[in-house]
Amino acid sequence: MKVKAVGPIPPGYDAIGAKLAIGGRTASDLVAQAGKTPLFVYSRAHLDRRMAELRAALPARIGINYAVKANPHPDVIAHMETLVDGFDIASSGELVMVQAAGIDPARVSFAGPGKRDDELEAAIAAGATLNCESEGEAARSIAIGQRIGKAPRIAIRVNPDFELKGSGMKMGGGAKPFGVDAERVPALARQIIDEGAEWRGLHIFTGSQALSADAIIEAQGNVLNLAAKLSDEIGAALPKLNMGGGFGIPYFPNDEALDLAAVGRALHEYMDDLPGALIETELCLELGRYLVGEAGVYLCRIIDRKVSHGTTYLITDGGLHHQLAASGNFGTVVRRNYPVAIASHFDTEPLGSVAGDVGDAGDVVNVVGCLCTPLDRLADQALLPRADVGDLVAVFCAGAYGASASPADFLGHGPAAQMLV
């Protein structure tokens, strides 16, 4: 059988004995503590290390905001509160989550193209910044503020004429549901100021999941130049610029990690030569996946091992209802394997050739979930150490867009457990 490679396991994971260790504890110990599989485990050490790397590489004046949508688990939010400068949310539900963590709403900005009136009112009352995505949304926000007697804090999300090249999801350039077309921003900003709202600046998010430092550097330069141009046209100081993010992580075979040092060097150069309109502007990056993605591992247990027409299947109690992205059903055109390992034999290298000469130490297997659909696949034709019923499978890069971005109620199997260690 032809072998398909699995993605690269993120750095920082090792073994205790033969077993995968996360946060200094074996996967089996963590499952025992949780009392069940499947289980998402999030590593504090990985979160801390990633933030330390960013602080060391980026200019000190650039703040880092956490995009809660990447992973809204309460313990993750509470830990990120100790690490980041601000939070970006995408619903009133996420507003409730950050407030429950004791986060000052003044540190929070709210983006999203379809904010309901009740969501706008909740954000205005709390004192969060609204990244308004249309003239209509800005008008509704101002009217709500007048009704409740509180001036809304409003920034404008800009739909720029450029995009982040090579990004997994393009959020700017051309017709988009996100943001106000750049040429319409100055008039809207002046209207917001004239109506008595608190002017909070611009939000320019061009794309996500880019691994090319050159593409990110180019987009950041374009963002800074556009923001300066718009500020001049508005005729008022720009209090804050959310420069977006787009930093990607390696998921698939042949993916290479983002060159953070190169991005940092370019940002230092940009800061040394900022346009005059931005000299006093508060600058921040909005990052989600890059902060938490590699910190998460999804653990599921093998409940059956079967052979069909010469193909070996490891059937687990997990699946796409928890890890939609790993199954290839979350925007992937061609399905490729995420980083996957046998957690029970993490120190074992599978033996054998790609032609299928494997023996007891290794297997070419399909790892699948428990759902009644052929879409429920966690790894295809992967060469892994020999695994049997009861062993644990680990799917890495599960810290972002995992539990909360998957259809947990599909077929009634229910949600996975989650823990921060």
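These legends accompany several close-up views of a predicted model.

The model is predicted, so local features need pLDDT of at least 70 and side-chain atom pairs count only at pLDDT 80 or more, while totals for chains, interfaces and linings use all residues. Residues are numbered from 1 along each chain as its sequence is written, and side-chain values use heavy atoms, with hydrogens and water left out.

**View 1. A three-stranded open sheet with antiparallel pairing.** Welcome to the sheet, whose strands run in the order β1-β2-β3. Strands here are DSSP runs of E with at least two residues, and helices are runs of H or I with at least four residues, both numbered from the N terminus. Two strands pair if DSSP finds at least two bridges between them. At the edges sit β1 (14-16) and β3 (25-26), each pairing on one side only.

**View 2. The antiparallel pairing of β1 with β2.** Three bridges join β1 to strand β2, which covers residues 19-22.

**View 3. The salt bridge between R50 and E294.** A salt bridge is a side-chain nitrogen of Lys or Arg within 4 Å of a carboxyl oxygen of Asp or Glu, and by this rule the count comes to 20. In the pair shown, the closest N and O atoms of R50 and E294 are 3.1 Å apart. The two residues link distant parts of the chain, 244 residues apart: R50 belongs to helix α2 (residues 44-57), and E294 lies in the loop between α10 (289-292) and β16 (296-308). Buried means under 20% relative accessible area, exposed over 50%, and partly exposed in between (1.4 Å probe, protein chains only). R50 counts as buried because its relative accessibility is 13%, and E294 counts as buried at 11%.

**View 4. The salt bridge between D380 and R377.** Here the closest N and O atoms are 2.5 Å apart.

**View 5. The salt bridge between D388 and R386.** The side chains of D388 and R386 meet at 2.9 Å, N to O. D388 counts as partly exposed at 31% relative accessibility, and R386 counts as partly exposed at 32%. Elsewhere, salt bridges that share partners join R50, E53 and E294 into one network.
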